[in-house]
Amino acid sequence: MKNVRFDGNNDPEGNSQIEVYDYDMNPIKAINLTFLPRKILLDAHRNRLLLLSATDDDIHIINL
């Protein structure tokens, strides 16, 4: 995560970046996010990431 700061209520603010690698540790892509993920799940069958936001519990789906 980059430029992350916490306000008075301890809510995180800032940008985050996820770097995705294959099983041989070769980089696939870097994904810049406008939210902070709390949990990340790789759906390898559908080639996507499922992310749960840390601040509002929204689910974000990112195709790889």
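User: By class, how many nonpolar, polar and charged residues are in the lining of the largest pocket?
Analyst: Heads-up, this is a predicted model: local features need pLDDT of at least 70, side-chain atom pairs count only at pLDDT 80 or more, and totals for chains, interfaces and linings use all residues. Numbering starts from 1 along each chain as its sequence is written, and side-chain values use heavy atoms, with hydrogens and water left out. Ala, Val, Leu, Ile, Met, Phe, Trp, Tyr, Cys and Pro count as nonpolar, Asp, Glu, Lys and Arg as charged, and the others, Gly among them, as polar. Sorted that way, the lining has ten nonpolar, one polar and one charged.

User: How much space lies in the largest pocket?
Analyst: A pocket here is an open set of points on a 1 Å grid over the protein atoms alone where a 1.4 Å probe fits, with protein on both sides within 12 Å along at least five of seven lines; lining residues have an atom within 4 Å of a point. Grid points are joined across faces, edges and corners, and the volume is the space filled by probe spheres set on them. For the largest pocket that gives about 210 Å³.

User: Which strand gives the most to that lining?
Analyst: Strands are DSSP runs of E, at least two residues, numbered from the N terminus. The lining includes Ile18, Val20, Ile40 and Leu42, and β2 (12-21) and β4 (37-43) each supply at least two of its residues. With three residues, the top contributor is β2.

User: Is Arg46 buried or exposed?
Analyst: Arg46 sits in the loop between β4 and β5, and its C-alpha is 9.0 Å from that of Leu64, 18 residues away in sequence. Exposed means over 50% relative accessible area. Because Arg46 reaches 54% relative accessibility, it counts as exposed.

Definitions and conventions: Helices (H or I, at least four residues) and strands (E, at least two) are DSSP runs, numbered from the N terminus. Buried means under 20% relative accessible area, exposed over 50%, partly exposed in between (1.4 Å probe, protein chains only).
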